[in-house]
Amino acid sequence: MKRLLGFILLFASPSFSYAQSPEMVAFFEKADYSSIVDYCQSNSLSSSKDLVMAGYAHYVLNMEQKGLDYLDLARVKGYKGDDLHLYRGLCLRYLNRLDEAELALNTFLTKEPGHVVAQYELGMIAYFRQDLPKAASIFKELASMAPPHPGALYMRGHVAHVRGNFEEALVLLYAAAKVLPDAHPFHARAWLDVGSIELGLMQRPEKAADAFEKAIPAISEIQQVHKALRANYGADRDHRGADFFRQLQELKAENRVQSEWFDKEYLEIAQFNDF
């Protein structure tokens with residue numbers, strides 16, 4: 001599942017001055033994006049607003065290029081809503097067309113200053129460009145908001161981890177893990193980063209094992225790993241973290257991990273870490 005960017009729930013106010021299909025509007029208002037995709041497959045879209053909703057729905061369902069195609073067609077048809085720039089920026093970011101994504105998101109922010117989703121994505125663009133000071137600054141600002149942006153809470157600690165500021169990273173990641181709801185994917189990610197630092201850098205395997213214990217239950221697809229660890233090691237928790245990473249790498253290599261926790265965003269983030 002994408003992007004929990006469940007912290008991407010929308011955001012820009014739709015422009016309803018454009019003619020549109022009642023079915024598309026109903027699906028969009030219910031966030032029924034699969035039905036929008038199905039509708040697009042069996043119906044021709046003539047309204048530019050329908051094209052925009054189709055573009056966003058395809059983005060949510062990990063079909064960014066198709067989503068971008070719909071959005072660009074809406075632009076050709078004269079759609080002028082500000083949300084077009086946001087949706088294009090999101091599609092382009094996940095297509096790794098970072099320069100174009102940055103331009104679209106900044107264009108949107110001139111219309112909607114302070115929009116947290118757009119700001120967060122600019123932080124991610126800085127992160128993937130390895131401009132870590134800029135990314136850290138953006139995530140710090142978003143994490144300090146009331147309420148804080150959940151992705152920024154995690155990414156602030158993760159960026160500190162990547163920059164080698166391990167003590168700072170631990171403080172931020174422990175804080176993020178305690179604030180984020182257990183069901184939120186960044187909750188598990190924070191504990192996994194904590195475990196990585198505690199095990200490999202701080203040499204505190206017991207604390208690492210505690211962190212891994214908190215991360216693993218959130219990932220339904222690798223419950224078998226958790227069970228295997230218990231069966232193989234019993235109470236010998238010191239080895240559990242290292243073996244978890246080994247089996248995790250194997251699952252990722254075999255493309256067997258499909259949970260939302262291992263969406264494209266996580267795999268992108270993971271390239272900068274030891275796991």
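User: Are H3 and H4 roughly parallel or roughly antiparallel to each other in this predicted model?
Analyst: In this predicted model, H3 and H4 are roughly antiparallel to each other. The axes of helix H3 (residues 48-60) and helix H4 (residues 64-76) come within 7 Å and cross at roughly 165 degrees, and angles over 145 degrees count as roughly antiparallel. The orientation asked for is therefore roughly antiparallel.

User: How many nonpolar, polar and charged residues has the contact of H3 with H4?
Analyst: On the H3 side the contact includes Leu-51, Val-52 and Tyr-59, which meet H4 residues, among them Tyr-70, Leu-71 and Leu-73. Glu-64 and Lys-66 of H4 also take part, and both count as charged. By class, the contact of H3 with H4 has eight nonpolar, four polar and two charged residues.

User: What is the orientation of H7 relative to H9?
Analyst: Helix H7 (residues 116-128) and helix H9 (residues 150-162) have their axes 11 Å apart and pack at an angle of about 15 degrees. That angle makes H7 roughly parallel to H9, since angles under 35 degrees count as roughly parallel. The crossing of H7 and H9 is left-handed, and their orientation is roughly parallel.

User: How many of the twelve residues of H5 are buried?
Analyst: Helix H5 (residues 83-94) reaches 17 Å from its first C-alpha to its last, close to the 16 Å expected. Its buried residues include Asp-83, Arg-88 and Arg-93 as well as Leu-84, Leu-86 and Leu-90. H5 is largely enclosed by the rest of the structure, because the number of its twelve residues that are buried is eleven.

Definitions and conventions: Residues numbered from 1 in each chain as written. Predicted model: local features only at pLDDT ≥ 70, side-chain atom pairs only at ≥ 80, totals over all residues. Heavy atoms only, no water. Axes fitted to C-alpha atoms, helices over the stretch in contact; angles between N-to-C directions. Helix = DSSP H or I, 4+ residues; strand = E, 2+ residues; numbered from the N terminus. Parallel < 35°, antiparallel > 145°, perpendicular 65-115°, else oblique. Contact = heavy atoms within 4.5 Å. Expected span 1.5 Å × (residues − 1). Buried < 20%, exposed > 50% of the residue type's maximum accessible area, 1.4 Å probe, protein only. Left-handed = near helix turned anticlockwise from the far one by under 90°.
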